[in-house]
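Here are a few quick notes to go with the model. Have it open while you read.

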Amino acid sequence: MRFNKISFVFILIVYLGVSCCDKKTGDTVSSILSNPDIEVIDIDHADLCEKMLFSSFFDTPKVVILETNENCIISNIQSIDFYDGKFYILDDISNALYVFADDGSYIQNIGHQGNGHGEYIEISDFSIDRQKEELYLWDEAMDVALKYNIKTGDYISSVRTERNGERSFCMQYNNGHLFVNRTSINDDGEQYLLKEIDTKNGKQIAAYLNAKDYNKGWNYPLRFPFTFFYAKNSESPKYVEMFSDTIVSITSDGIIPSYVIKSNDFISKEDVSQLIKSQKTPLDFNMEALHKMQRISHISRYADFKDAVYLEYEKGENHYYLIYNEKDKKTIISSSFVNDYISKDLNIPMKVCYSDKSGVLVYIMSNHVPYFVKHIVQEGLLEKNVDNYEQLRQLKEDSNPILFYHKYRR
């Protein structure tokens, strides 16, 4: 068994071309660093269960009911971060970054839409520099990162980058550099997925992750209601794309592969090639063809739990939740992850959006709030000992999403 795992990791390292080397500037794709301790998460040998319960991993939650008023109507949560007692919530449909206090009361917006000084056209991601207490907003329409004072919300400056592909919609700050995803509609040249930007002058200083090897050949524009960057508040944020089986870490030393998802059912280069051929245009993704393949893909919602890793993935039209224990190397998978602290009959998916050393933050999506209010709250299925029970009973179907912060069980 040990020989098989080592052989698999060795093949992976060769496959990704992750030998150590100096970074190269421009559009030449740089190798990422090697990692002899890369973790292998084996889906085919995981323990399958009918449903996983929040009570098995977390304590009772603190419930945060986000204030709802005309200044902060949330349509979709693209990304969440928590800093200095405040929630920062990016809504890419409302095109706004909202700031809420830890009790859910609305404080302000950071930045505004427009063509003026310090304004943006279309934001799609954000990242916080915790050392300098600055916040970067990514304007995907202009390929510009706008920088603000996180305490006052005042605009500081902009980092203007060069567009060398189609739209880039994911961004992460780390150690003085911005990392931005890259898409393309062209098949010629070296297709890469991640570019590193100098925050001082906006110039690209490195390119990473060749699409042919890392993402099975896919580098076409395809938007999702979430970012490709995860654990954005940590010292080594993670990055993974739709058809990749490898989660990489962005560190001060470079890009390092941290986890590889192993399965005989994982989507292959040949599968992705068929998907590309089935498209009428590079911008017309054939989701039906992907579902018919019944292949594993779309790793998302990565989070660092205490001594464990959490992620979600898809196989065909089915959605799965996975928890990998880093101590005993065991994997648990289920098609249902129920927050039984809220309701034993709760069949609404709760999306993991943030984690830290103490716990994890999950939320009910905006489009699921009406169902939650009508079929859980109004029908008396809400657990009576839940935090903020009376306030939850007063929710309306047009209320903002509800946040639940669970501390890890001892």
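**Notes on the cavities and one threonine**

1. A cavity here is a set of points on a 1 Å grid over the protein atoms alone where a 1.4 Å probe fits but cannot get out, and lining residues have an atom within 4 Å of a point. Of the 14 residues in this lining, T183, W218, Y220, F228 and E241 lie nearest the centre.

2. Before going on: this is a predicted model, where local features need pLDDT of at least 70 and side-chain atom pairs pLDDT 80 or more, while totals for chains, interfaces and linings use all residues. Residues are numbered from 1 along each chain as its sequence is written, and side-chain values use heavy atoms, without hydrogens or water.

3. How much space lies in the largest cavity? About 250 Å³. I80, F229, Y230, C353 and Y354 are the closest to its centre among 20 lining residues. Strand β27 (350–355) is among the elements that supply at least two residues of that lining, and β27 gives the most, with four. (Strands are DSSP E runs of at least two residues, numbered from the N terminus.)

4. Then there's T199, in the loop between β16 (192–198) and β17 (204–210). Why is T199 counted as buried? Because its relative accessibility is 17%, and buried means under 20% relative accessible area (1.4 Å probe, protein chains only). The T199 side chain reaches the backbone oxygen of G176 at 3.0 Å.

Conventions
Buried means under 20% relative accessible area, exposed over 50%, partly exposed in between (1.4 Å probe, protein chains only). A polar contact is a pair of N or O atoms within 3.5 Å; within protein, one must be able to donate a hydrogen and the other to accept it, and residues adjacent in sequence count only if both atoms are side-chain atoms. On a 1 Å grid over the protein atoms alone, a cavity is a set of points where a 1.4 Å probe fits but cannot get out, and a pocket is an open set with protein on both sides within 12 Å along at least five of seven lines; lining residues have an atom within 4 Å of a point. Grid points are joined across faces, edges and corners, and a volume is the space filled by probe spheres set on the points.
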